[in-house]
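The sequence and coordinates come first.

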2 protein chains.
Amino acid sequence: MAKKILIVGGVAGGATTAARLRRIDEESEIILFERGKYISFANCGLPYYIGGVIKDRNALLVQTPEAMGARFNMDVRIENEVTAIHRKEKSVSVRNHATGETYKETYDVLVLSPGSSPLKPPIPGIDSPNIFSLWNIPDTDAIKGYVEKNQVKTATVIGGGFIGIEMVENLHELGIDVTLVEMADQVLTPVDFEMAQLVHSHVSSQGVKMYLKNGVKSFTYKDGSTTVELQDGTKVDADMVILSIGIRPNGELAKDAGLDVNQRGGIVVDSHLKTSDPDIYALGDAIEVVDFVNGVPTMIPLAGPANKQGRIVANNIAGRLEPYEGTMGTSVAKVFDLTVASTGANEKALHRLGKVYGKDYFVTVIEPKSHAGYYPGAMPMTLKLIFTSDGKILGVQAVGYDGVEKRVDVIATAMRLGGTVSDLKKLELAYAPPFSSAKDPVNMAGFTAENILNKDQEVVRWDEVGNLSADDTLVLDVREDVERELGFIPGSIHIPVNDLRQRQGELPKDKTIVVYCAVGLRGYVAARILSQLGFQAKNLLGGYNLYKYFYK
Amino acid sequence: MAKKILIVGGVAGGATTAARLRRIDEESEIILFERGKYISFANCGLPYYIGGVIKDRNALLVQTPEAMGARFNMDVRIENEVTAIHRKEKSVSVRNHATGETYKETYDVLVLSPGSSPLKPPIPGIDSPNIFSLWNIPDTDAIKGYVEKNQVKTATVIGGGFIGIEMVENLHELGIDVTLVEMADQVLTPVDFEMAQLVHSHVSSQGVKMYLKNGVKSFTYKDGSTTVELQDGTKVDADMVILSIGIRPNGELAKDAGLDVNQRGGIVVDSHLKTSDPDIYALGDAIEVVDFVNGVPTMIPLAGPANKQGRIVANNIAGRLEPYEGTMGTSVAKVFDLTVASTGANEKALHRLGKVYGKDYFVTVIEPKSHAGYYPGAMPMTLKLIFTSDGKILGVQAVGYDGVEKRVDVIATAMRLGGTVSDLKKLELAYAPPFSSAKDPVNMAGFTAENILNKDQEVVRWDEVGNLSADDTLVLDVREDVERELGFIPGSIHIPVNDLRQRQGELPKDKTIVVYCAVGLRGYVAARILSQLGFQAKNLLGGYNLYKYFYK
Ligand SMILES: Cc1cc2nc3c(=O)[nH]c(=O)nc-3n(C[C@H](O)[C@H](O)[C@H](O)COP(=O)(O)OP(=O)(O)OC[C@H]3O[C@@H](n4cnc5c(N)ncnc54)[C@H](O)[C@@H]3O)c2cc1C
Ligand SMILES: Cc1cc2nc3c(=O)[nH]c(=O)nc-3n(C[C@H](O)[C@H](O)[C@H](O)COP(=O)(O)OP(=O)(O)OC[C@H]3O[C@@H](n4cnc5c(N)ncnc54)[C@H](O)[C@@H]3O)c2cc1C
Ligand SMILES: CC(C)(COP(=O)(O)OP(=O)(O)OC[C@H]1O[C@@H](n2cnc3c(N)ncnc32)[C@H](O)[C@@H]1OP(=O)(O)O)[C@@H](O)C(=O)NCCC(=O)NCCS
Ligand SMILES: CC(C)(COP(=O)(O)OP(=O)(O)OC[C@H]1O[C@@H](n2cnc3c(N)ncnc32)[C@H](O)[C@@H]1OP(=O)(O)O)[C@@H](O)C(=O)NCCC(=O)NCCS
């Protein structure tokens, strides 16, 4: 029974659905509608083409309409926009932008993968000729063309999400002086504030000026330059502005056809990615998905999920029923020399759900090396693991230079398969000095998390240090002399860990002793000694290295 | 109740046991015996120090006896060899090599982590002054000293295991002309023959001469040079020889004390790493472990397991009972620019257990890029996944340049947690162009494995191609013209995949059509088309890229 299948959207989700469908169903008629001029392009590569890292524009075009049509025997219609769905008669209206003509096409099955679009709020001056968003090939051509033609020397990027940050890096790569403006108190919201501090510090060190906690009040264009006025009155001039302040799902088509959409306009689907109409599937950026960790509905616009959903939709259409089991939001970004990766829930998300630290969830922070310290090139990374009292892993965030996304991938895998923090410590991961340590960072995360749950390690967090009272707390630095000389927590006393047993007489038994070292390892050892000697000891999570980002 | 705990062996397993023990038990008396001069050294770093990659000898000494004693309040006795265990009286005899004196020490609990030793079979001439094994710091000093003092220009490495291969690379790094001799038909036995071919090719391309399937008959030393005579009569001269042909567990102490040991001399332990004497634990290279995948007893001498076992032994001694759940053998080696990683069972191991390909297990081979092809620096990797008919993952092997051990780590994690090939396809792994593809190689391994199990893809393997009969088989090349010009399977006909539907009339319906492309992806697409059009089509696993290593 050959079906007629229409697919709206010809990039990540749509093209993948089409390709898989043809592989498992040689008979059906497949028509792929794409309103733009390009299908199957590498959205994720666009910033790097602008930055000249990717040199060849053709490399961005993973498939062309012709090649896709030839290989998969399908009808690929670019510049054809689906403008309405007529569910009763099972047809869609289509506008051919090349010819201006409008026509109808019937379907047995309709697939919606229309993606999302960048937000463009009604800020005064937002339509200035040097303000751009980056979303597709024409945007890319426009930005790259403008940079070259106008010899852009300064740029302001509004929004510190993935794309904003990638644009900061790539414009900087072109020798442009870049300023980043972000309304929140941090960039890259998938990671928590303290992790973002590491990113802020690195971005600043590249010579990029940052305004955090500062929204845009207005844009004023004059003579090829736009002045961005911020909420606090600051004015930033630049030759061009990149707007990257968020996206909205392209859910209008679905909504207008009476399909269920959520408050944000995201298309609601069931576990098999069917919309509220059994003949219409939807996927990709445009749909609401289940948060794999918390079970709540959410929107996670990423290419990996869109590609996976495409294969599942194709399978379901072909009668090979397969559920989609939710999205974790595993993501990674290169930020100059840094890698920032995460998966699952962060603390901000947990707080929104009313979860409380120390009760509903716990946190460990470690700062291992990317590989054996004695082998050249070992780089530090900061890894934060969030877990429940019964060891369930809720999320992980990591920032560093090398091997960062590897550890996040491993933990994402453990999470997907229901692994606990105890499982992390057991994982047998590939070790040789150029690649890891005999105790991999993931194992270390497992050890330290378990120590927290077992109460072998009681911890204090960086943001608690400021509130400690000298009446009932003593802060103890257990690092070596040379380390202390480079900075220490004010008011802390100093006994190197190896001297602790001998010098325990100097310490009070009636106060909580908050121990710290550089990263937490020696602090933990010291706290173990002290608590077994009858002191009340806690360890500063992440040590002085993390603390120093907050108290300068 | 403070106990007296003696630990034999002061490196990976022993030192880790001691450190963990002290952290959870401040009271007990801990004595660490090490017969050598060094504890806690970086065994795995030794080859790189010889090669000058690690410059500072001190970097190899992760802990010193003094620092370890100070931090962990334990009695570290280097140059003290435990020579006998007196189980009835719960004591050991110890020889102090520094003083020559012998004494006894009693214990409540004894821990054996004596490691293993390199094999030195009675081959004529094996005691020549320029033949070395590499196992510890004195060996390292001896080799490095010999190279420098004698201005070594040529070296022969006997044995292509991890250490042999690392020595090949590191001696080559010093400008030495290196020859590798290996008795088996391949190096790096954790991977199967076809995967090793990729390694052979790379090692040869570095200018290293290799003799495979060729054992050593004799060594003849003369005037600072050793001639190695091989089984086939070939003679290889070199200024020095590195012997790296295997190891044996240091099980004599245990055996002499009447503890259970296996045929190879490995100490037998229970699930809690206790020997047949309830007061004696053993761990590390010296013990027999359970093969996590096949459940059979085996010996897996690796640092990761030794470190993990150390922590478990300490926990068990302290009454925090914890089982050791077996070893998968996850490993990785840098081989010049290549990374070779694997975990679980390979085909050789499965064959030894009587398992049959196509019945007891199945194989997929993919050749994805390390990250998005359009982003600079994407490198090919070859990944082989072995699985059962119900999707259980038995093992994975991967060879490539970048991101290789990441994929093996992810799959090792899935295996540890009981994941199937279907789980691999669902994994949400971190994607941005510099790091991966929207469909990560691990997802691809899952897709292709499932396609094989679903019979969506029937495959032919490289070693079957030679045996195909033209009477009932047609070999079909579906690559582009330019690819074919660079080489093809003799006797194959050529129709590019995109032309297949139109040119299907040229193909027979009564023969099996073996389709191939470069890596298998287009071959799969082509085979899908053909089989749905009524042809009998199979796809060549790994494509022409893998095939070409075997038929030159
Ligand atoms: C600059 C940039 C960088 C990115 N980097 C990453 C990254 O590193 N990692 C990652 O995971 N994700 C990244 N993403 C996100 C990723 O590209 C998207 O999540 C993914 O493409 C979503 O797939 P989709 O099919 O839902 O939408 P899209 O791939 O956007 O495809 C939707 C298509 O539908 C078309 N369309 C919409 N409505 C209609 C209509 N009515 N008729 C016809 N056609 C229509 C649109 O023109 C569009 O081409 C990036 C995105 C951008 C823009
Ligand atoms: C050159 C080299 C490279 C390696 N590379 C890697 C790698 O990249 N990845 C990996 O996973 N593994 C690697 N390994 C293996 C890894 O080092 C071992 O698996 C690990 O050290 C085993 O730990 P263990 O405690 O059992 O033995 P060891 O670490 O070897 O410690 C045993 C110690 O016990 C001492 N001893 C023995 N008998 C007695 C006695 N009777 N009394 C007192 N002391 C005694 C020995 O002198 C020795 O120092 C490598 C090994 C070598 C030699
Ligand atoms: C180009 C595009 C249409 C390709 O879709 P696709 O054909 O499903 O994907 P791939 O080319 O990666 O091929 C995957 C298929 O090949 C198979 N395959 C891969 N390697 C194989 C091998 N060595 N042997 C056999 N089969 C193989 C897989 O099993 C899978 O087939 P299946 O889904 O039927 O199981 C789609 O990926 C696309 O549009 N990409 C660009 C847009 C995008 O994703 N943007 C966001 C990221 S920048
Ligand atoms: C040096 C050596 C004795 C250290 O052993 P160790 O103290 O158990 O190991 P580490 O120094 O890595 O510390 C791990 C401990 O610190 C804890 N830790 C690590 N980072 C931490 C942090 N940031 N905060 C709190 N605790 C932390 C871990 O939880 C673990 O403690 P636990 O076992 O009590 O849970 C041992 O690793 C050794 O001998 N190594 C060299 C020999 C060798 O392994 N060779 C083979 C490989 S080359």
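**Ligand 3**

Ligand 3 lies between chains A and B. This is a predicted model, in which local features need pLDDT of at least 70, side-chain atom pairs count only at pLDDT 80 or more, and totals for chains, interfaces and linings use all residues. Residues are numbered from 1 along each chain as its sequence is written, chains are lettered from A and ligands numbered from 1 in the order in which they are written, and side-chain values use heavy atoms, with hydrogens and water left out.

Around ligand 3 there are 33 residues, and A:R20, A:R23, A:R311, B:N451 and B:Y524 come nearest; a residue is near a molecule if one of its heavy atoms lies within 4 Å of it. Polar contacts here are pairs of N or O atoms within 3.5 Å. From chain A, a polar side-chain atom of A:R20 lies 2.6 Å from an oxygen atom of ligand 3. From chain B, a side-chain N or O atom of B:N451 is 2.8 Å from an oxygen atom of the ligand, and a polar side-chain atom of B:Y524 lies 2.6 Å from one. On its own, ligand 3 has 970 Å² of accessible area (Shrake-Rupley method, 1.4 Å probe), of which the protein covers 90%.

Elements are DSSP runs numbered from the N terminus: helices (H or I) of at least four residues and strands (E) of at least two. At least two shell residues each come from α1 and α8 of chain A and from β23 (362-366), α12 (441-453) and α16 (521-532) of chain B. The most, 6 residues, is given by α1(A).

**Ligand 1**

A:A12 instead places a backbone N or O atom 3.2 Å from an oxygen atom of ligand 1. Of the 1000 Å² that ligand 1 exposes when taken alone, the protein buries 93%.

Chain A can be laid on chain B with an RMSD of 0.0 Å by a turn of 180° and a shift of 0.0 Å along the axis, using least squares on the C-alpha atoms of residues with pLDDT of at least 70 in both. The two copies are thus related as by a two-fold rotation axis.

Terms used. Polar contact = N/O pair within 3.5 Å; in protein donor to acceptor, adjacent residues only side chain to side chain.
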